[in-house]
Amino acid sequence: MAWFKRKKAKEQVSDIVPKHIAFIADGNGRWANERGLPRFEGHKAGKETIKKVLDRCLERGVQTVSLYCFSTENFNRPKEEVEYIFNLLRAKKDLSDSLIKRDCKFRLMGDASMLPSDIAEQIQKTIQDTADCKKCVLNFGFAYGSRHEIISAVNNLIKDGVKVVDESTFEKYLYTAGLPDPDLIVRASGEQRLSNFMLYQAAYSEFYFPDKFWPDFDAKVVDECIEAYQKRKRRFGKI
Ligand code: IPE
Ligand code: IPE
Ligand code: MG
C-alpha cells in the first residue's frame with residue numbers, strides 16, 4: 001500500500017507555470033565548433049535565440065525571465081571575443097522598441113561599472129524606456145557574478161550604516177531586489193553547474209539541464225523545461 005501511494009505521488013503533474021525562469025545561456029562556442037564555424041558565429045546565433053525563448057515564456061505566462069549572458073569571469077576571455085559580444089549588444093538598436101512591444105521591463109543583473117560606458121548608457125536607457133512595462137521582466141545577466149553581487153551588497157550595507165541584517169534587508173541590496181527567486185534554473189549545453197549564478201537566490205530553485213546548446217533552444221525546449229518543472233514536487237523543507 002505504501003509503495004502504491006508513493007508511486008502515485010510521483011506521477012502527479014501540476015499545471016503551475018513557473019513565475020520566474022532563469023536561463024544560463026551556455027554552449028554558443030561549442031555550437032559553432034560543431035559546425036566548423038568560429039566561436040563568434042555561436043554568439044550571433046545565441047542572440048537570435050533570446051527572442052524565441054522570451055516569446056515562448058511570455059506566451060506561457062512566465063512573469064520573470066532571467067538570462068545569464070556574460071559573467072564577471074567572462075571578462076578574462078580573449079579581448080576579441082569580449083568585444084564581439086559587446087558589439088552584438090551595441091548593434092541591438094531596437095532593444096527598447098522590441099521590449100516595449102512585448103510589454104517587457106528590462107533590468108540589469110550585473111555591474112554596469114565594469115562595462116564600457118556606451119554599453120552602460122545603452123542599458124540605462126533601456127531600463128528607463130521600459131520602466132512602465134507590466135507583462136514581464138527581462139532580468140539581463142551581463143557583467144554578472146553572484147559572489148560579486150553578494151560582496152557588493154555587504155559593502156553597500158556597511159556604507160549605509162546598517163548594523164543588523166535580516167533576509168528581507170539583505171535581498172534589497174541584491175540586483176534581484178523586488179523579484180521573486182527563480183522557480184526554475186535552466187542551463188543550456190548539458191553542463192550541470194551554476195558558474196557563479198544566483199548563489200543566494202537559488203536556495204529552493206528547481207534545476208533542469210537540457211542536452212542542447214543555447215543556439216538550439218526554441219519554443220519547444222521552453223515547453224519541455226516547463227513540463228519538467230511541473231513534474232517536480234517542491235517541499236521547501238516541509239513534508
Ligand atoms: C555562452 O556560451 C556565452 C558566454 C559565456 C558569453 P560560451 O561562449 O560559454 O560557449 P561554450 O560554453 O564555450 O560552448
Ligand atoms: C556561464 O558560462 C556564464 C554564461 C553562460 C554567461 P561559462 O561558459 O562562462 O561557464 P564555465 O566556464 O563553463 O563554467
Ligand atoms: Mg560556456
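This is a predicted model: local features need pLDDT of at least 70, side-chain atom pairs count only at pLDDT 80 or more; totals for chains, interfaces and linings use all residues.

Reader: How do helix 3 and helix 9 pack, and at what angle?

Author: Two packed helices are described by the angle between their axes and by the distance between the axes. Helices are DSSP runs of H or I with at least four residues, strands are runs of E with at least two, and both are numbered from the N terminus; axes are lines fitted to C-alpha atoms, for helices over the stretch in contact, and angles run from 0 to 180 degrees between N-to-C directions. Here helix 3 (residues 39-60) and helix 9 (residues 219-230) pack at about 45 degrees, with their axes 8 Å apart. That makes helix 3 oblique to helix 9, given that angles under 35 degrees count as roughly parallel, over 145 as roughly antiparallel, 65 to 115 as roughly perpendicular and the rest as oblique. Their crossing is right-handed, a term for a near helix turned clockwise from the far one by less than a right angle, whereas anticlockwise is left-handed.

Reader: Which residues of helix 3 and helix 9 meet?

Author: With contact meaning heavy atoms within 4.5 Å, Val53, Arg56, Cys57 and Arg60 of helix 3 meet Ala219, Val222, Asp223, Ile226 and Gln230 of helix 9. By class, this contact has 5 nonpolar, 1 polar and 3 charged residues, where Ala, Val, Leu, Ile, Met, Phe, Trp, Tyr, Cys and Pro count as nonpolar, Asp, Glu, Lys and Arg as charged, and the others, Gly among them, as polar.

Reader: At what angle do helix 3 and helix 4 pack?

Author: Helix 3 and helix 4 (residues 79-90) pack at an angle of about 25 degrees, with their axes 10 Å apart, and they are therefore roughly parallel to each other. The crossing of helix 3 and helix 4 is right-handed. Arg39, Phe40, His43, Lys44 and Lys47 in helix 3 meet Glu81, Tyr84, Ile85 and Leu88 in helix 4, and the residues of this contact divide into 4 nonpolar, 1 polar and 4 charged.

Reader: Is the crossing of helix 4 and helix 6 left-handed or right-handed?

Author: Helix 4 passes helix 6 in a left-handed crossing. The axes of helix 4 and helix 6 (residues 117-129) come within 10 Å and cross at roughly 35 degrees. Phe86, Leu89 and Arg90 of helix 4 make the contact with Asp118, Ile119, Gln122 and Ile123 of helix 6, a set that divides into 4 nonpolar, 1 polar and 2 charged residues.

Reader: How many disulfides does the structure hold?

Author: A disulfide is a covalent bond between the sulfur atoms of two cysteines. The structure holds 0 disulfides, where a disulfide is taken as a pair of cysteine sulfur atoms within 2.5 Å. The closest cysteine sulfur to that of Cys57 is in Cys136, at 7.4 Å, which is too far for a bond; for Cys69 the closest is in Cys57, at 13 Å, again too far for a bond. Cys57 is buried at 0% relative accessibility, while Cys69 is partly exposed at 25%, where buried means under 20% relative accessible area, exposed over 50% and partly exposed in between (1.4 Å probe, protein chains only).

Reader: Where is Asn139, and which residues does it touch?

Author: Asn139 is found in strand 4 (residues 136-144) and is buried, with a relative accessible area of 0%. Not counting residues up to four places away in sequence, Asn139 touches Val65, Ser66, Leu67, Arg107, Leu108, Met109, Thr176, Leu179 and Met198.

Reader: Is Ser189 buried or exposed, and what is its phi?

Author: Ser189 has a positive phi of about 85 degrees although it is not a glycine, and Ser189 is buried, with a relative accessible area of 8%. Ser189 lies in the loop between strand 5 (184-187) and strand 6 (206-208). Ser195 is placed in the loop between strand 5 and strand 6, and Ser195 has a positive phi of about 45 degrees, although it is not a glycine; at 33% relative accessibility, Ser195 counts as partly exposed.

Notes:
Residues are numbered from 1 along each chain as its sequence is written. Chains are lettered from A and ligands numbered from 1 in the order in which they are written. Side-chain values use heavy atoms; hydrogens and water are left out.
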